[in-house]
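I am opening these notes to keep track of what I look up, entry by entry, as I go through the structure for the first time.

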Amino acid sequence: MPKKKTPKPVQYATAPEEISLAETPAAPKKARKKKAKRSVKRTVKQAEKRAKRAAKAVRRRARKSAPAPVKKAAPKHAKPKQEKARSARRNPAPRIEAAFYQLGTLTEFEFEKDGVEKRFAFDAPPVLASDGLGKLRVVYDPRAVPGAKVPARINSLHETFNGFAPERHMAGVFGKRVPGTTVMGVLRALTYYSEKCIDPESCSSPGHYRHAFEAPFPRVLVNPAGLVLIEGGSYEITRAGIVH
């Protein structure tokens, strides 16, 4: 019978150095410091939140417990306030910035554009007027302003041209040159109705007057609102009318 082989004992390799759990290196110092800072910040934020909540609660309780304001009753012998008198002192008579004197009502005008002469007539004739500088203005929505401070020059010019003092102080809405204003053409002539008194010197009387302009001619424009404007030109307004 064959001989039984006896197993050889297993030999385990031994580590050159034995490592024990007790000898595991500790966490670095930097990691411990960061952790400590985070915990401190967290604690500070929590404390701030608690302080804010407590302050809000205190304010809420104070509002609820505060007594309602009591209005003082006016004494029986107190005089009533004079609202009208005070407002009159604070707001004096309005000053007219767009004062004018009236020449008449503009019925139609003739203009030239690209060598073609055209005529424009108004359905509702506006006021033909002059400002303090002696320039023609087409006035829309003329109205009286009670107690207004009209420059004395305007009154004197009105009386010089029309032969009588103005019955009322007038203001109005002049056409303004705004973006979108277009030039209709060169103003050649205009026709207006005037209520001037009979003047032996100038032989003027109420009726229609036509004035033809000379070079340099003024221009006639229209803005987006449909208001007609007159600008430029060389002329002078006297009692006899518009002269060059």
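Which residues does Ile 237 touch, not counting residues up to four places away in sequence? I bear in mind that I am reading a predicted model, and I find that Ile 237 touches Tyr 101, Leu 103, Ser 130, Gly 134, Leu 136, Phe 161 and Ile 242.

Next I looked up the largest nonpolar core, which has 25 residues, and I noted that Ile 237 is among the members touching the most others, together with Phe 109, Leu 136, Leu 190 and Ile 242. I then listed the elements that give two or more residues to this core, and these are β1 (101-113), β4 (136-144), α3 (152-162), β6 (182-194) and β9 (228-231). The largest share comes from β1, with 5 residues. Apart from this core I found another one, of 5 residues, which includes Phe 100, Ala 129, Val 139 and Phe 174. As a general reminder to myself, nonpolar side chains tend to be buried together in soluble globular proteins.

My last entry concerns His 211, which I located in strand β7, residues 207-212. Is His 211 buried or exposed? I count His 211 as buried, because its relative accessibility is 11% and the cut-off for buried is under 20%. Leaving aside neighbours within four places in sequence, I recorded contacts of His 211 with Arg 188, Ala 189, Leu 190, Ile 242, Val 243 and His 244.

Terms used
Residues are numbered from 1 along each chain as its sequence is written. This is a predicted model: local features need pLDDT of at least 70, side-chain atom pairs count only at pLDDT 80 or more; totals for chains, interfaces and linings use all residues. Side-chain values use heavy atoms; hydrogens and water are left out. A nonpolar core is a set of buried Ala, Val, Leu, Ile, Met, Phe, Trp, Tyr and Cys residues joined through side-chain atoms within 4.5 Å. Buried means under 20% relative accessible area, exposed over 50%, partly exposed in between (1.4 Å probe, protein chains only). Helices (H or I, at least four residues) and strands (E, at least two) are DSSP runs, numbered from the N terminus. Contact means heavy atoms within 4.5 Å.
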